[in-house]
Amino acid sequence: MESTFVFNMVNTSLCLGLRPIDEEEYAKWMNLYNLLEEIRPLPYPSTPHITLAYYSPQGFNKLLCQKLQKCVRKFNEDSSFSITLTTDNLYYQKFMSMNEYYNIFKLIP
């Protein structure tokens, strides 16, 4: 995968978008995504990303908002990288909270 840009995800978090580096990797990603859809369909399309931060329920003051805006703008202008994902440690997990995930089973033994 390669990074795309930092974006707002459903008004709850700041995320870094990812995209497959070529058609072959896209096909692999969609094959895996479609297999997971058979287990638990999602009401939204595949959105590969890394969550960077969750927004505070108290919101932001003007200064913090300006700092965040500057940081996101700089990252989106200057940063790009590739990341290799493997299925070696891919698990179906139950999400309990932002810090608690429980492994249900390994997807690819």
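**A look at the largest pocket**

Modeller: Happy to. Let's start with the parts list: the protein has two helices and five strands. Keep in mind that this is a predicted model. Read from the N terminus, the elements come in the order β-β-α-β-α-β-β. The C-alpha trace spans about 50 × 35 × 25 Å along its principal axes.

As for the elements around it, β2, α1, β3 and β4 (91-97) each give two or more residues to the lining. The biggest share comes from α1, which puts in seven residues.

Let's follow a couple of those elements a bit further. Strand β2 covers residues 13-19, and Ser13 is found in it. Is Ser13 buried or exposed? Its relative accessible area is 3%, and buried means under 20%, so Ser13 counts as buried. Leaving out residues up to four places away in sequence, Ser13 touches Phe7, Asn8, Thr51, Ala53, Tyr54 and Tyr55.

For a contrast, go to the loop between α1 (23-39) and β3 (49-54), where you'll find Pro43. Pro43 has 79% relative accessibility, and the cut-off for exposed is over 50%, so this residue counts as exposed. From Pro43 to Ser56 is 13 residues along the chain, and their C-alpha atoms are separated by 25 Å.

Stepping back, how do these two residues sit within the whole? Buried residues, such as Ser13, make up 14% of the 109 residues in the protein. The protein exposes about 8,700 Å², with 56% of that supplied by carbon and sulfur atoms. If you take the contacts with a separation of 6 or more, 49% of them are between residues 24 or more positions apart.

One last thing, the charges. There are 10 positive and 11 negative side chains in the protein, and 14 Å lies between the centres of the two sets.

Note on methods:
Residues are numbered from 1 along each chain as its sequence is written. This is a predicted model: local features need pLDDT of at least 70, side-chain atom pairs count only at pLDDT 80 or more; totals for chains, interfaces and linings use all residues. Side-chain values use heavy atoms; hydrogens and water are left out. Helices (H or I, at least four residues) and strands (E, at least two) are DSSP runs, numbered from the N terminus. Buried means under 20% relative accessible area, exposed over 50%, partly exposed in between (1.4 Å probe, protein chains only). Contact means heavy atoms within 4.5 Å. Accessible areas come from the Shrake-Rupley method with a 1.4 Å probe; for residues, only the protein chains shown count as cover. Lys and Arg count as positive and Asp and Glu as negative; His and the chain ends are not counted. The place of a charge is taken as NZ of Lys, CZ of Arg, CG of Asp or CD of Glu.
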